[in-house]
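These are my notebook entries on a structure that I had not examined before. I set down what I looked up, in the order in which I looked.

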Amino acid sequence: MNTRILSTVAVLGLVAGGAAFAQQQTFISIGTGGVTGVYYPAGGAICRLVNAGRSEHGIRCGVESTAGSVFNLNSIRAQELEFGVAQSDWQFHMYNGSSQFEADGAYEDLRAVFSLHPEPFTVVARADAGISSFEDLEGKRVNIGNPGSGQRGTMEVVMDAMGWDMSTFSVVSELQAGEQAQALCDNNIDAMVYTVGHPSGAIQEATTACDTVLVNVDNDVIRALVDDRDYYRMATIPGGMYRGTDADVTTFGVGATFVSAAWVDDDVVYELTKAIFEGLDTFKGLHPAFEILNAEEMVSDGLSAPLHAGAERYYREAGLID
């Protein structure tokens, strides 16, 4: 058992009649992403519901802003985080030891807890950059995302499928999610990519601060990627959601998932899962991207790793799985 999850502190209090008692508390951390994305508020929403029941289960939940999916998964593997939010494709690759995780091998102790919101692969371009299709990114100044982020990993997969490399673009930047909107509006880049749930604060910032368009990511190469990989699906970003883009945008995407590891205590995962699903109506109201969530899909969609035993126990008790 991991020493981090077992570490507790004695908290002295008074019970009725004045007797002192010691209550043990367990501390858990959730790795998320940049503060302007959806992962960070997702982690905050989860912790809010968990911490509301702290007096009963003794679990104190905290959120860490991180580089994103790949970072979170590696940190769970290193037992530096108990939980993390990660794209469904990178959950698959970590569990199977493929793509960026090939050198370190499969991490068979990775465990799924539940799925979250859909995350379309989103391309935002300056309106004056002459970019009307995904192929038009060739020769442009493009932010491909910071190393360790899901958007960077997905962009590299797409670039490989398209036969592109860094030389395809006139300038390549590696800005974090929270930095790219300003870079776009400052005319330091022509386009940014982001795998994110919608509506997104970062996309809202870019489309409000300067004239931009969302770009379709739909061609034979993309369709082949989706057909070949269960964790990808075609996606639509509704027209009118952001200034400058009135028509629906067709792209592909993944799903955000909430993951942990076998070494994390079953009772901790059980209590966290129970807090979310018994407070699901409250959770759905904490961010617009969560409004479409439903319990049945959350226990199965986009989950490539086995369910954590603690989550599985709750799902059986709640009748969500047989």
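Predicted model: local features only at pLDDT ≥ 70, side-chain atom pairs only at ≥ 80, totals over all residues.

Entry 1, a starting residue. I began with Ala209, which I found in helix 8 (residues 201-209); helices (H or I, at least four residues) and strands (E, at least two) are DSSP runs, numbered from the N terminus. Is Ala209 buried or exposed? Ala209 is exposed because its relative accessible area is 57%; buried means under 20% relative accessible area, exposed over 50%, and partly exposed in between, with a 1.4 Å probe and protein chains only. I then looked up Val85, which lies 124 residues from Ala209 in sequence and 28 Å from it in space, C-alpha to C-alpha.

Residues are numbered from 1 along each chain as its sequence is written, and side-chain values use heavy atoms, with hydrogens and water left out.

I recorded 13 helices and 11 strands. The C-alpha trace spans about 75 × 40 × 35 Å along its principal axes. Of the 322 residues, 51% count as buried. Among contacts (heavy atoms within 4.5 Å) with a separation of 6 or more, residues 24 or more positions apart account for 71%.

I found that the chain exposes about 13,300 Å², of which carbon and sulfur atoms supply 45%; the areas come from the Shrake-Rupley method with a 1.4 Å probe. There are 18 positive and 43 negative side chains, and the centres of the two sets lie 5 Å apart. Lys and Arg count as positive and Asp and Glu as negative, while His and the chain ends are not counted.

How many disulfides does the chain have? I counted two disulfides, a disulfide being a pair of cysteine sulfur atoms within 2.5 Å.

The link of Cys47 and Cys61 is left-handed, at -60 degrees about the S-S bond. This pair links distant parts of the chain, as Cys47 is in helix 2 (residues 39-52) and Cys61 in strand 3 (residues 59-64), 14 residues apart. Cys47 is buried at 5% relative accessible area, and Cys61 counts as buried at 8%.

Another disulfide joins Cys185 to Cys210, with 2.1 Å from S to S. The torsion about the S-S bond of Cys185 and Cys210 is about -70 degrees, so this disulfide is left-handed. Cys185 is in helix 7 (residues 177-185), and Cys210 is in the loop between helix 8 and strand 9 (212-215), 25 residues apart. Cys185 is partly exposed at 21%, whereas Cys210 counts as buried at 11%.

With bonded cysteines counted along the chain, I read the pattern as 1-2, 3-4.

I looked up Ser75, which lies in helix 4 (residues 69-77). Ser75 counts as buried because its relative accessibility is 5%. Leaving out residues up to four places away in sequence, Ser75 touches Glu80 and Leu81.

Key
Charge placed at Lys NZ, Arg CZ, Asp CG, Glu CD.
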